[in-house]
Amino acid sequence: MIKLTPEILQAIEKPARYTGHEWNAVEKNWDEAKCHFALALPDVYEVGMSNLGLKILYEVLNGRSDTFCERVYAPWIDMEEKMREAGIPLFSLESFNEIKSFDFLGFSLQYEMIYSNVLNMLELAGIPVWTKDRDDNDPFIVGGGPCVYNTEPVCDFFDFFILGEGEEIISEVVDVFVSWRAAGSPGGRQGFLREAARLDGIYVPAFYEPQYDDRGLFSGMKLLDDAAKPVVYKRVIKDMDQVTFVEKPVVPYIDIVHDRIMLELFRGCTRGCRFCQAGTSYRPVRERSKERLRELARKLVDSTGYNEMSLTSLSSADYSCLGEMVDDLFADFEGEKVSFSLPSLRIDSFSIDLAHKMQQVRKSGLTFAPEAGTQRLRDVINKGVTEENLLQAVEAAFKQGWKQVKLYFMMGLPTETDEDIIGIANLAKKVVDKYFEVKGRRGCTVTISVSCFVPKPFTPFQWFGQVPREEFERRQKLLKENIRDKSIKFNYHDARVSVLEGSLARGDRRLSKVIYQAWKDGAKFDGWTDLFKNEVWHEAYEKCGIDITQYNERTRDLEEPLPWEHTSPGVSRAFLRREYDKALQECLTEDCRRGKCSACGVCPALDAKVVDWRAKDV
Amino acid sequence: MYKYRAEITKGEEVRYISHLDYAGVIQRAICRAHLPAAYSEGFNPHMKMAFASALAMGVTSDKEYMDFEMARPLNAQEVMDRLNAHLPQGVRILRIKPVREFKNKKKHKSLMAEVDLADYELFMPLEGDWDKAVESVQEFNQLKEYVYHRVTPKKVRDIEIKQYIKDPVKISMSGDRLKLEMSIIITQTGTIKSSDILKILAEEFGLPINPVRALINRKAMYGEGKALIDLV
């Protein structure tokens, strides 16, 4: 058991990140368990504690009497320094046991720029960072989360990955482990991995060997073991009402990023925005029933004491029974000072009315995501929103008393021209003018937040080359010059981070040595502006003799095999190709939830169905 | 509204949380216990709750005091039992009493105005000679006044600190650790932190200890010589 001295704890920021004992933290007996599972998110406590997926898995694993599951996050740099000085290994937050003594260490991979932290945490734990160097004394290193649809750049650091939704499969993995252990660990680590690889949704990268052609391009995967499937499909929960959900989340002492209850209404979004990886990788849409949600809401308020609840989903306003459910929740929690919020709003007046109802008094600000500045480009990305929709929505919002509107856009989308960039400024100006029209005076603030587009695997834009850094910066400057109204605030992303993310997102297995080199040279917390070391990454590419532009800027040939296609969320290549063509033709595709099926391939591939309670009533 | 005063611990498990986060812990426990808390009016209602004195991060306490209000009258024992069932390890309510209003309709002073004294105990490894340690504390105790040049991120001030120290600082050994005991006077205009006195003893009087290795505990808080909960 690790003991932290006052000398360390009094010298660092926010020591409560490391001292555990939070409400609802599960403290079990180590010796009574047959499987010890550490759940990690390779970012700081406040970020890690805000992740819903890990909260669910914590509850699933600790719900098993044979399993001991605890949390661990990346120590902030001040704590890391103290730990290295004092020789303290990475430890779990409940029992303060060494992470190395667990049977599994699972990392939730939320975004590419946190890969360096995985290596750092492994080293802090005293676990070899390369999979090939681990032995029977090391835990199995498991990856999950949104990055699993291209694990190749990090797969030499992991023993296996869980693809898709983890509630059921994680328990199956524990079952396999417990019987393998009981049988005397036949075949050693390989023996367990071979058993695990037979489960649906498990990818063991060591059983696959990437092939490259004479131009150095990826040409396919060679299977090295008979347990290896040619394509591993993600796992999907078919009945959201039956599956375990968080009922007793750990309540932190310190303020975290999402310091409130997260009530997950449904999974999946089939609006079909062509840039969006979540839109393809969480299909199909599966709703919880409103009765189940009411029951969960009650349990969550009672078990946490939180007075704030976020109704989360990829696009919460699309929940089919939202209006009624909000009424029910208001009735259930009347007099309890519980407030509700929607993390994302659709661009329509229904959403405004709802937001108005939910924020009776405080009007903090509304956020919309038109994503692109012109109708042409919005059609390319299948956003399905018109300028008129936006202006009607903000008009409704201004009439209800809102003064602050935030608009999200992307820059560097396929086919984008300067006209599209200037269109962002024009659209923001029209919103400002709308306020004047409604109120007869000035006084609103319109914030436009523009990110740099990163093409992602398993989207119709997976073949497109990413815009180079200089071009992103030119477009940012162009946009800035075209904003002339003082009511408009302009925020934009650091293009340097986006181009690195662009290389990792569509990288192949050769990038593991780049990630290793960058980490060795000091890269960590790359998602944190203050800590991001751009030169370290570019030098790492150079040291490894790898041309970064091959990964981010290069437009892929449509026939070319792609290094991520063997770990699939179920969308077919044919569907993505059709969407690619339609994007170039500026044609829209309907939402399959109520409209025509666009034959994306997910339902047959995963034997799953759309669950939409409104559609069922009809 | 029905006001109560509680005597609560801040134990080892929650040593490193801030005063604000400690208040949050109790507020969430009140919600979990479904107690009918009273809220302030306005756009952003908050629970009506007040503490005697903020406790620094890193300091534990045997007895903290808090006043809070309920919208309905409840038996004090019931409030205590329900709250204790929903408080995390390290936070325990020891006593709760309803705050009775005076017969002459005079309002009770706020807790913060009532508190005038706090006892602390500080434990740390002795990193040198025992006789030297005793000597440094004696030297400090004998002084009639001592001006401390306090530098905080916000401002720099010279403060005469002996006015805030009631009895001589006591020194002893507790097992293998050095123990200091001090009674600190709290006034409406100022006070001094026990950690500042420790720093002065180490840096200016040669007490052979390292202040960053010290564990501080607040033992008691008084108003007019009585435990704060006995004032209601």
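The model is predicted; local features require pLDDT of at least 70 and side-chain atom pairs count only at pLDDT 80 or more, whereas totals for chains, interfaces and linings use all residues. Residues are numbered from 1 along each chain as its sequence is written, and chains are lettered from A and ligands numbered from 1 in the order in which they are written.

In chain A, six strands form an open sheet of mixed pairing, in the order E2-E1-E3-E4-E5-E6. Helices (H or I, at least four residues) and strands (E, at least two) are DSSP runs numbered from the N terminus, and two strands pair if DSSP finds at least two bridges between them. The edges of the sheet are strand E2 (67-73) and strand E6 (202-203) of chain A, each of which pairs on one side only. Strand E1 (residues 35-41) of chain A runs parallel to E2(A) and is joined to E2(A) by seven bridges; Cys35(A) has Thr67(A) in E2(A) as its bridge partner. Strand E3 (residues 104-108) of chain A and E4(A) also run parallel, with five bridges between them, and Phe104(A) has Phe140(A) in E4(A) as its bridge partner.

Strand E4 (residues 140-144) of chain A is mostly covered, five of its five residues being buried. A residue is buried if 20 or more other C-beta atoms lie within 10 Å of its own, exposed if 12 or fewer, and partly exposed in between, with C-beta atoms placed from the backbone. Phe140(A), Val142(A) and Gly144(A) point one way from E4(A), while Ile141(A) and Gly143(A) point the other way. Helix H6 (residues 169-182) of chain A lies across E1, E2 and strand E5 (160-162) of chain A, at about 145° to E1(A). Axes are lines fitted to C-alpha atoms, for helices over the stretch in contact, and angles run from 0 to 180 degrees between N-to-C directions.

The loop between helix H4 (77-86) and E3 of chain A contains Ser101(A). Ser101(A) counts as partly exposed because it has 17 C-beta neighbours inside 10 Å. Its C-alpha atom is separated by 7.8 Å from that of Asn137(A), 36 residues apart along the chain.

Elsewhere in chain A, the axes of helix H5 (residues 115-125) and helix H17 (residues 512-520) come within 9 Å and cross at roughly 65°. H5(A) and H17(A) are therefore roughly perpendicular to each other, a term covering angles of 65 to 115 degrees. Tyr115(A), Ser116(A), Leu119(A) and Asn120(A) of H5(A) make the contact with Ile515(A), Tyr516(A), Ala518(A) and Trp519(A) of H17(A), where contact requires C-beta atoms, placed from the backbone, within 7 Å. These residues divide into six nonpolar, two polar and no charged; Ala, Val, Leu, Ile, Met, Phe, Trp, Tyr, Cys and Pro count as nonpolar, Asp, Glu, Lys and Arg as charged, and the others, Gly among them, as polar.

Chain B has five helices and 11 strands, and its C-alpha trace spans about 60 × 40 × 35 Å along its principal axes. Of its 232 residues, 32% count as buried. Among contacts in chain B with a separation of 6 or more, 73% are between residues 24 or more positions apart.

Between the chains, 22 residues of chain B are in contact with 22 residues of chain A. Helix H1 (residues 19-32) of chain B supplies the largest share of the chain B side, six residues. That side has 13 nonpolar, four polar and five charged residues.

How values were computed
Parallel < 35°, antiparallel > 145°, perpendicular 65-115°, else oblique. Contact = placed C-beta atoms within 7 Å.
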